[in-house]
Amino acid sequence: MSPKKMVYTFGGGKAEGRADDKNLLGGKGANLAEMNRLGIPVPAGFTITTEVCTAFMKSGGKYPAGLDRQVKAAIANMERVMGSKFGDPSDPLLVSVRSGARRSMPGMMETVLNVGLTTKTIPGMIKKFGDERFVWDSYRRLITMYSDVVMEKAAGIEPADGQGIRVQLDEMLEEIKKRRGYRSDTQLTAKELRELSEAYRAKIREVLGKEFPDDAMEQLWGGVSAVFRSWNGKRAISYRRIEGIPDEWGTAVNVQAMVFGNMGNTSATGVAFTRNPATGENAFYGEWLVNAQGEDVVAGIRTPEALNEVCRTSAEQKTLEQENAETYEQLVAIRNRLERHYRDMQDLEFTVQDGTLWMLQTRVGKRNGPAALKMAVDMVNEGLISKQTAVMRVAPSQLDELLHPMVDPEKEKNYRPIAKGLPAGPGGACGEIVLTPDRAEELGKAGKAVILVRNETSPEDVHGMHAAEAILTAKGGMTSHAALVARGWGKCCIVGCGALDIDTAAGTVTVDGKVLREGDVITLNGSKGNIYQGSLPLIIIDPEKNEDLRTFLAWCDGIRRLGVRTNADSPADAEQALRFGAEGIGLCRTEHMFFGDERIKCMRQMILSESVEEREAAVAKLLPFQRADFKGILRAMAGKPVTIRLLDPPLHEFVPQERDLIDELAQEMGKDVDAVEARIAQLHELNPMLGHRGCRLGISYPEVTAMQARAILEAAAELTKEGVEVHPEIMVPLVGHVKELSHQRAIIMKVAEDVKAKSGLKKLDFLVGTMIEVPRGALTADEIAEEAQFFSFGTNDLTQMGCGFSRDDAGTFLPAYVAMGIYPADPFESLDQGGVGQLVQIGVEKGRATRKGLKIGICGEHGGDPESIEFCHRVGLNYVSCSPFRVPIARLAAAQAVLAERDAAKRPAKKKAAKKKVAKKKAAKKAVKKRAAKKVAKKKTTKKVAKKKATKKATKKRAAKKVAKKKVAKKKVAKKKATKKKAAKKAVKRSAKKKAAKRRGRR
């Protein structure tokens, strides 16, 4: 049995791999093979598979048996195609060693160029190319890269900051340039580069305690091992966490014959995109450098030139189009061919060696949100892709970028952040620091852009939060109060920035010794969590005016089955959500409606009341406010369902904690300060999340439930009479037992009858349901469905209670859990499908077993998370509900869930078809063999028959001969006999004659 194939060759227009072998050959290797098959000029080489990487990691750095033999065979193939030999002193071939994961991880893993340059091959290289300077330049580059990548990083050496071997070698280069007065590396002479290379090797001996390897094969295997080890480098691991790339995938290694862009002014190197990755414009976009290698462009060692007029940013820039029109036209032809072939924007790397163009890479290019959308829509219009492909091509996170102002990414490169927190609300914002919500509201009303900076926020801060451009907190996690509210309003928000030392009294924020004061301007990048001092330019995109976005989302709506609602607490939020395509409100939180000056007073009176009568009098004052609130929201959502959650948070959140505010409240209510203080102390709970909240409040204080139900139903009745179609859905929160819902439902239905009677309406169109957010509620959903007309899963609290995590405190350990792989993602950001998801699924199945066709949705933060939306689609929910700014994202994710489902359904059929194809091929092969065998057999039979006939004939001939012989013998015998007879007769006759003569003689 032959050993498993671990090395795949390419070159000379032939390749053992192809584009769809990405899992095995990585993206780079698969695409190098594909370009070869397309006849595009690619230097020959080979790819060592991702499976080898996995085996290498598992075995602690050992290679599978037989790999060395396969690599030697692949090198021989590369040498044959390129016409030079690796390690040969007279005609040396140099190679590059590069990584290539199945999903692009740009810059995250290692590369080594010019491998194979040694003291033995350097003279041969100089003779071969006739350019001593170029050879010594290539050698010093090899030493720099190899010592850094292989001898330091791959060896696990962690130098002090700024003491790495590469830094030290670069300093030596800068020193010689400074001494000679050179501005660029290209000014160094061959002699200087040779001396520098010798100095480099001495420095490596001094710093790393090892000799720089002077054997081509040793360099090659060192490079291969280093690339495999870089899969588990810090930056690669961090990138995989962000991008959700599994650790077990591994990387391939691509070994490729070197072509040189640093051979003088007839050589160059460059990076290009088939379309503009920043805008999506259908224009060839890129940069190039004359007399350089690829790392010079990527690392920014030299300032690159523009590829063409479209890319030019200054009049001084030279373009490849002008400087080398022939090469540029050839590159354009390849660009067009590759984009048509892959039907997607490609990221290209190329080198021009002494006037000859070589392609080193093609891969699907990274792009930002606006560019991704434009490309997807344009490519459908150009007939390159289908609408379904376009929908799958735009990531929900990219769509999110379109819905928020964002920090200009080009300008941002020129600034360093002063601190970093958790990116809780995407987009960018710029404004003056304010430290209190009142000040934020005051300045906001005056038209100033402000950023509210707090240790943490509470519901009492909402007025200031609403007025601010963005929110920044020192504490809290991705689902803290600040994060939830900010996302709901589409505001930029950074939370958990522990570097902030906030002194509200002094009006200062200290960051790493730097003191910022109220009024100082800062800029937040909520997509990255970066905080900058001063004002950075923002890019503002109006999604309503974006024709591409409208077209794209219409395609999504034509595919998806899940409904998409919004979480909105005001008419303004509702209208915003409608503009984004919401089909109703899935969660209207009433607690945010109690924080106006007049309302909070009434609420506090109700809380501090000592009798039912006092409470009823207090809530009666709240009724007009609530009715007006609900009327505005129902009117804004005319004809669409609106789910209104009854009061949920603990009562202590509505009362003041500071002494001066307590004194003020007592005075306003005409109560004793000590009595008020005692009542506030009584309301304090050790664990408010599991305390006196939700339906428990309504059961303790039925007056509150009755008031809210009356406000909703009276608003609905008034609008119905005005001819406005309304569909309120009253949601009782935190139900864990069916009797809790029965109790609250009875109050609501009694109020409904009273409202109908007073309004003169025979029918009021409304539903009563519950929020499933307690695990017991999910497990007894069959009982609860007897009373509930709809379910809405509150997955924020269901996650807290299901996992036993406090949403506000989990930030101290959850990031470590995710990093260690205990949870694949923060369960507050993306639904824990294996645990909490099962509770949801049980709730759905049990609820619908009791009430067929039960309407079920989700209104937690997970309603805007694409992974969670796919789960909701899979378990059969009717809708998801999310913040207004995430409605378009939910529309896209819901459509992608359908397409992924279709693709999964097609996969077994494709597998079956592929198997059938293979079986058919095998059968055809078998049939060909059978026919050949038959032919052979027939030939054999024909020969046999001929032989038999010949034998028979010979036998007959022999028999005939025998018979003939016998006949001759018989004839002879007969003749003999006849002769004898004749002779005998004659003898008798003679005897008779004699006797007669005798007788006559006697006579």
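## Charged surface patches

A patch is made of residues with over 30% relative accessible area and no salt bridge, in which like charges are joined within 9 Å. Lys and Arg count as positive and Asp and Glu as negative, while His and the chain ends are not counted, and the place of a charge is taken as NZ of Lys, CZ of Arg, CG of Asp or CD of Glu. This is a predicted model, in which local features need pLDDT of at least 70 and side-chain atom pairs count only at pLDDT 80 or more, whereas totals for chains, interfaces and linings use all residues. Residues are numbered from 1 along each chain as its sequence is written, and side-chain values use heavy atoms, with hydrogens and water left out.

Glu658, Asp660, Glu664 and Glu668 form a negative surface patch. Glutamate 658 sits in the loop between strand E29 (641-645) and helix H24 (659-669), where helices (H or I, at least four residues) and strands (E, at least two) are DSSP runs numbered from the N terminus. With 44% relative accessibility, glutamate 658 is partly exposed; buried means under 20% relative accessible area, exposed over 50%, and partly exposed in between (1.4 Å probe, protein chains only). A positive surface patch includes, among others, Lys981, Lys985, Arg990 and Arg999. Arginine 999 belongs to helix H35 (residues 887-1002) and is partly exposed, its relative accessible area being 43%.

## Salt bridges

Side chains of opposite charge can pair when their charged atoms come close. Taking a salt bridge as a side-chain nitrogen of Lys or Arg within 4 Å of a carboxyl oxygen of Asp or Glu, the count comes to 55 salt bridges. One of them joins lysine 128 and aspartate 91, at 3.1 Å from N to O. This pair links distant parts of the chain, 37 residues apart, with lysine 128 in helix H4 (residues 122-129) and aspartate 91 in the loop between strand E4 (85-86) and strand E5 (92-93). Lysine 128 is partly exposed at 35% relative accessible area, and aspartate 91 is also partly exposed, at 26%.

Lysine 203 and glutamate 206 form a salt bridge whose closest N and O atoms are 3.6 Å apart; because they are 3 residues apart in helix H7 (residues 190-208), about one helical turn separates them. Glutamate 206 is exposed, with 59% relative accessibility. Arginine 589 and aspartate 569 meet in a salt bridge at 3.4 Å, N to O. Arginine 589 lies in strand E28 (residues 585-589) and aspartate 569 in the loop between strand E27 (563-567) and helix H21 (571-579), so the pair ties together parts that are 20 residues apart in sequence. Both arginine 589 and aspartate 569 are buried. Salt bridges that share partners also join residues into one network, among them Arg627, Arg710, Glu714 and Asp754.

## Aromatic pairs

Rings of Phe, Tyr and Trp (its six-membered ring) pair if their centres lie within 6.5 Å, and planes under 30 degrees apart count as stacked, over 60 as edge-to-face and the rest as tilted. The whole structure holds 17 aromatic pairs. Phenylalanine 129 and phenylalanine 134 have ring centres 5.3 Å apart and planes at 85°, so this pair is edge-to-face. Phenylalanine 129 is partly exposed, at 22% relative accessible area, whereas phenylalanine 134 is buried, at 1%.

Tyrosine 817 and tyrosine 823 form a stacked pair, with 6.4 Å from centre to centre and 15° between the planes. Tyrosine 817 is partly exposed at 30% relative accessibility, while tyrosine 823 is buried at 17%. Ring pairs also link Phe56, Tyr63, Trp221 and Phe228 into a cluster.

Conventions: Patch = residues over 30% accessible without salt bridge, like charges linked within 9 Å, V, L, I, M, F, W, Y side chains within 5 Å. Areas by Shrake-Rupley, 256 points an atom, 1.4 Å probe, with all protein chains shown as cover.
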